[in-house]
Amino acid sequence: MAGMTIDLDPANPFATESPLPYGLPDFTRIREEHYLQALLAGMAQQRAEIEEIATDPAAPTPENTLEALERSGRLLHRAATAFFNQSSSDSTPGLEAIEEEVAPLLAAHSDALYLDARIFARLEALHQAVESGDLVLEPDTAWLLHRQRTAFIRAGIGLDAESQDRLRALNAEITSLETAFGRKLLAGANAAAVLVSDERELDGLSSDARAAAAQAATDRGHEGAWLIELQLPTQQAPLAVLRDRALRERLHTASVTRGATGDDHDTRATVLALVRLRAERARLLGYEHHAAYIAEDATARTSEAATGILTQLAPAAVANARAEAADLQAALERDVPGAELEAWDWAYYAEQVRKERRALDDSLLRPYLELERVLYDGVFRAATELYGIRFTERADLKGYHPDVRVFEVFEEDGTALGLFLGDFWTRESKRGGAWMNNLVDQSHLLGEKPVVVNNLNIPKPPAGEPTLLAWDEVITMFHEFGHALHGLFSDVRHPSQSGTEVPRDFVEYPSQVNEMWAWEPSILRAYAVHHVTGEPMPQEWVDTMLASRLDNEGFATTEYLAAALLDQAWYQLAPADVPTDAEDVVPFEAAALERAGVAFTPVPPRYRTTYFNHVFGGGYSAGYYSYIWSEVLDADTVTWFEENGGLNRENGERFRRALLARGGSGDPMDAFRELRGRDPEITPLLARRGLLAAASASTD
């Protein structure tokens with residue numbers, strides 16, 4: 001581990017802890033070149049710190065080993081959290097170049113720690129002392145020791161020297177390929193944006209959405225045209241309202257062909273290399289395949305359990321989707337006699353059928369769903385009523401981009417809790433999707449309070465115009481803020497256990513629970529207000545929305561399951577079974593969906609292989625099942641809230657203390673059992689997704 005130290009220029013903003021409130025990085029001073037210098041110096045500094053721990057002549061103790069490890073690498077952590085947040089939210093060619101350079105270095109840096117036999121020996125000594133009864137640890141410290149030992153074992157500490165060398169090479173290659181995938185995906189999405197020169201083709205698109213498209217076109221040098229930018233999933237929001245079937249087909253085709261275009265943005269070779277290398281690494285570590293490696297360290301424990309829940313739900317979901325398709329086909333034939341329902345027709349005719357049955361569509365809702373009202377009177381208000389917290393916008397504190405807003409968060413008694421950063425609008429430099437990041441992790445050991453970020457991709461209107469949301473975007477705001485609350489409410493000693501540092505198939509659970517408050521009648525009445533007239537959304541519309549929650553659920557469940565099963569199909573391959581030709585990617589995908597019973601042409605996967613950033617560019621490889629796995633816990637918890645009076649401080653406080661505050665300081669399923677008094681049950685999920693009757697029939 002020993003290595004040469006690198007002196008960091010004192011003028012570099014990362015050289016010392018940020019002087020700003022809560023340690024918010026001083027983005028007004030940070031320049032691109034500061035990141036590379038700080039990352040390199042941070043790695044060198046942590047190497048020196050690890051060397052001190054490894055060579056400490058004193059017998060291992062929790063303080064000189066576990067806590068020392070927790071305290072190490074603070075410079076690196078400061079620089080890395082700020083850098084990776086900005087590179088995903090506001091990338092530049094310079095940041096991309098830095099990421100390409102440091103990604104393999106960071107992988108090697110991690111390997112150097114987790115393959116250090118001296119550090120592992122100290123952990124083993126502590127473990128043996130606990131096992132023998134000579135050492136009694138606090139529960140959170142005992143869990144930390146367990147997780148640290150597990151991390152070393154899973155990282156390959158037990159391999160021989162030759163195998164460890166190969167493992168280091170694999171980790172470096174994998175990290176570089178993940179970075180390349182993300183870079184190609186962002187560039188490909190920008191290149192695939194659909195340019196419209198004839199406004200008549202935009203018939204059905206709302207005026208605010210047209211204005212945003214016109215602004216996007218102008219920003220890219222297409223004055224007088226309209227640019228429909230692509231969102232990360234297969235389904236693109238404008239498909240629900242565009243009447244021009246040819247434009248719908250163009251937009252859908254642009255979406256599903258991303259990454260398979262044969263140009264510089266083609267991701268297929270990158271995908272195959274990632275799958276093959278991860279498969280080889282899993283075998284090297286003693287696992288059948290990568291999916292088995294991932295599941296073992298999650299609450300699922302086995303890939304069979306992860307796949308099992310997907311295959312259990314698939315038949316009923318596809319049956320529901322086929323029934324929905326029959327209704328849409330009839331609606332399509334009224335407009336285009338003899339036409340066959342295609343994937344680009346689904347969202348549009350789902351809206352038409354909904355209008356016929358419910359006298360309501362998304363275009364009517366949008367004027368009542370203005371971003372500021374949704375944020376303050378929806379997202380923030382629900383948090384205040386549940387947890388007592390308050391929000392004050394801090395215009396004096398700056399984010400990493402002019403669009404980023406900073407809010408200080410206070411407890412009910414006025415105690416400062418942390419900072420929340422909201423970055424809501426899409427831009428060419430931001431990767432698709434929505435996510436939460438930490439800039440500062442809460443930790444009593446380090447005396448730090450949390451700083452968390454929510455990123456969304458809502459089209460930005462022209463200056464001075466309101467940002468009107470689709471209902472799905474409202475749900476996304478509540479969802480991502482659930483992640484933010486997990487970070488803000490963290491109340492742990494060790495930084496590595498802070499907030500969302502929980503298993504991947506548990507981390508979505510609190511965020512999915514938070515979605516329920518978007519539907520809460522008192523909250524909905526507060527934020528669903530017409531942005532011009534101030535009139536509340538008509539009660540009959542609210543009633544209709546509540547009644548329509550199962551509408552199109554067959555589609556939603558099927559498209560999700562198809563993506564999750566596709567993820568498992570790729571990552572349950574042995575190294576020798578991975579295709580070698582990029583042209584084989586799409587056929588492999590088709591065959592995998594067919595085998596899984598989810599190959600239904602009008603309902604493509606939520607993400608196809610070539611733009612599946614969660615599993616090829618992000619941290620969900622072999623883990624996309626996590627959303628449905630977490631939703632079992634979520635649906636059961638929603639039932640608990642409903643049984644106990646719903647939106648009130650008592651329920652909020654119990655949920656906060658039992659789950660959100662604990663972060664990763666113990667077994668997360670123990671936290672769930674404490675809240676619910678039992679193991680989770682799947683029945684609430686089946687009811688929510690309209691699968692209960694079908695599931696019951698299958699067991700008769």
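In this predicted model, Arg673 is partly exposed, with a relative accessible area of 33%, and Asp670 is likewise described as partly exposed, its value being 43%. The two residues form a salt bridge in which the closest N and O atoms are 2.9 Å apart. Both of them lie in helix 26, which covers residues 668–676, and they are three residues apart there, or about one turn of the helix.

The structure holds 57 salt bridges, and another of these joins the side chains of Arg606 and Glu559, with 3.3 Å from N to O. Arg606 lies in the loop between helix 22 (585–596) and helix 23 (613–616), while Glu559 belongs to helix 21, so the pair ties together parts that are 47 residues apart in sequence. Arg606 counts as partly exposed because its relative accessibility is 29%, whereas Glu559, at 7%, is buried.

A further salt bridge brings together the side chains of Asp423 and Arg427, at 2.5 Å from N to O. Asp423 counts as buried because its relative accessibility is 0%, and Arg427 counts as buried at 11%. These two residues also take part in a network of salt bridges that links them with Asp90, Asp403, Lys430 and Lys460.

| Salt bridge | N to O distance |
|---|---|
| Arg673 and Asp670 | 2.9 Å |
| Arg606 and Glu559 | 3.3 Å |
| Asp423 and Arg427 | 2.5 Å |

Five strands make up an open sheet with mixed pairing, and their order across it is 3-4-5-7-6. Its edges are formed by strand 3 (390–393) and strand 6 (435–440), each of which pairs on one side only. Neighbouring strands of the sheet are turned against each other by 25 degrees on average, if direction is ignored. Strand 4 (residues 405–410) and strand 5 (residues 416–425) run antiparallel and are joined by six bridges; in one of the pairings between them, Phe410 has Ala416 in strand 5 as its bridge partner.

Helices pack on this sheet as well. Helix 3 (residues 74–89) touches strand 5, strand 6 and strand 7 (451–458), and its direction makes about 150 degrees with that of strand 6. Helix 15 (residues 371–387) touches strand 3, strand 4, strand 5 and strand 7, with a direction at about 20 degrees to that of strand 4.

Helix 2 (residues 62–71) is mostly covered, since eight of its 10 residues are buried, including Pro62, Asn64 and Leu66. Among the elements that cover these buried residues are helix 1 (32–54), helix 3 and helix 4 (93–114). Just after helix 2 comes Gly73, which takes a positive phi of about 75 degrees.

Helix 12 (residues 303–335) and helix 24 (residues 626–643) pack with their axes 9 Å apart, at an angle of about 80 degrees, and are therefore roughly perpendicular to each other. At this contact, Ala305, Ala306, Ile309, Leu310 and Leu313 of helix 12 meet Ile628, Trp629 and Val632 of helix 24. By class, the contact has eight nonpolar residues, with no polar and no charged ones.

Finally, Gly554 has its place in helix 21 (residues 553–571) and counts as buried because its relative accessibility is 2%. Leaving aside residues up to four places away in sequence, Gly554 touches Ala317, Asn320, Ala321 and Glu324.

Methods:
Residues numbered from 1 in each chain as written. Predicted model: local features only at pLDDT ≥ 70, side-chain atom pairs only at ≥ 80, totals over all residues. Heavy atoms only, no water. Pairing = 2+ DSSP bridges. Helix = DSSP H or I, 4+ residues; strand = E, 2+ residues; numbered from the N terminus. Axes fitted to C-alpha atoms, helices over the stretch in contact; angles between N-to-C directions. Contact = heavy atoms within 4.5 Å. Parallel < 35°, antiparallel > 145°, perpendicular 65-115°, else oblique. Nonpolar A, V, L, I, M, F, W, Y, C, P; charged D, E, K, R; others polar. Buried < 20%, exposed > 50% of the residue type's maximum accessible area, 1.4 Å probe, protein only. Salt bridge = Lys/Arg side-chain N within 4 Å of Asp/Glu carboxyl O.
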